[in-house]
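Please open the structure in your viewer and keep the selection tool at hand. Each stop below says what to select and what is there.

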Amino acid sequence: MIKISPSILSADFANLERDIRKISTADYVHVDVMDGVFVPNISIGLPVVKAIRPVTQQPLDVHLMIVEPGRYAGRFCDAGADIVTMHVEADTEENLLSAIEVIHAKGKRAGVVLKPATPVSAVLPYLERVELILVMTVEPGFGGQSFMEDQLEKVRAIRALIEERNPDCELEVDGGVAPDTYRACIDAGANVLVAGSSVYGAEDIPARIQLLRG
Ligand code: DX5
Ligand code: ZN
């Protein structure tokens, strides 16, 4: 069963509530938090997560593209995140492991994210401790970029590790997921697909979400 997590980075920020309702058939709502330091873009933060929390029952899948995400993980849980994912490149192993514990203590799901240049081995310290691993299939920072085919090998390798050591862990891909790329992601072992421009740019959003499920 494939889950779809539309990214509200492609929504109309002046009409967020309306645009979150447009994706009500999706499994998660993907929220991209960017600080202008870890990535060259600034998007949204804690107050917006808090504001959208009452608008939907869907789990909020919060992707932190910020430096030292461990410092903020607990606060994003308090703001209403259900899943908090942190880049392995953005903090120390020690800080990330303690942030994962903080997220769990708040009853939420924790995940780690790998940028395209980051090797599979970077996931090993967290593999048995997280509920989700996110493989970036574009350079983080912007929506609407082209899918990086070369990341499929990483997805396959992490799927094999998950099967062996943490079979309940979800494997998510993010970036350039569209009608021409989603199938390869599923075949490589992803079970959660993030999609921004290909969902919000579709004429019929529920039909597009259904298509991406495979
Ligand atoms: C990129 C973000 C993505 C982005 C995906 O840094 O993490 O979630 O919104 O957008 P698309 O699906 O348009 O590539
Ligand atoms: Zn994202």
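Select strand β2 (residues 29–34) and strand β3 together: they pair in the parallel sense over six bridges. Helices (H or I, at least four residues) and strands (E, at least two) are DSSP runs, numbered from the N terminus, and two strands pair if DSSP finds at least two bridges between them. This is a predicted model, in which local features need pLDDT of at least 70 and side-chain atom pairs count only at pLDDT 80 or more, while totals for chains, interfaces and linings use all residues. Residues are numbered from 1 along each chain as its sequence is written, chains are lettered from A and ligands numbered from 1 in the order in which they are written, and side-chain values use heavy atoms, with hydrogens and water left out.

Within this pair, pick D32; its bridge partner in β3 is H63. Now follow the chain from β2 through helix α2 (residues 46–52) to β3, a β-α-β crossover that is right-handed. Right-handed means that, with the strands pointing away from the viewer, the path from the first strand over the helix to the second runs clockwise.

Buried means under 20% relative accessible area, exposed over 50%, and partly exposed in between (1.4 Å probe, protein chains only). One side of β3 carries L60, V62 and L64, the other D61, H63 and M65, and both faces are covered.

Which residues coordinate the zinc ion (ligand 2)? Select H30 (NE2), D32 (OD), H63 (ND1) and D174 (OD), which hold the ion at 2.0 to 2.3 Å. Donors are N, O and S atoms within 2.8 Å of the metal (3.2 Å for Na, K and Ca); water is not among the atoms, so sites may look incomplete. Along the chain the donors follow the spacing H-x1-D-x30-H-x110-D. The six donor atoms subtend angles of 70 to 169°, which makes the arrangement octahedral. For six donors, octahedral requires opposite donors over 155 degrees apart and all others between 65 and 115. H30 counts as buried because its relative accessibility is 0%, and D32 counts as buried at 6%.

Now colour the largest nonpolar core, which has 63 residues; I8, I133 and L193 touch the most other members. Helix α5 (residues 152–165) gives the largest share of this core, five residues. A nonpolar core is a set of buried Ala, Val, Leu, Ile, Met, Phe, Trp, Tyr and Cys residues joined through side-chain atoms within 4.5 Å. Leaving aside neighbours within four places in sequence, the contacts (heavy atoms within 4.5 Å) of I8 include F13, H30 and Y200.

In helix α5, select R159. At 17% relative accessibility, R159 counts as buried. Beyond its neighbours within four places in sequence, R159 is in contact with C169, L171, A188, G189 and N191.

For the last stop, select S198 in helix α7 (residues 197–200). S198 and P179 are 19 residues apart in sequence and 7.7 Å apart in space, C-alpha to C-alpha.

Methods: Four donors count as tetrahedral if all angles lie between 85 and 135 degrees; four count as square planar and six as octahedral if opposite donors are over 155 degrees apart and all others between 65 and 115; anything else is irregular.
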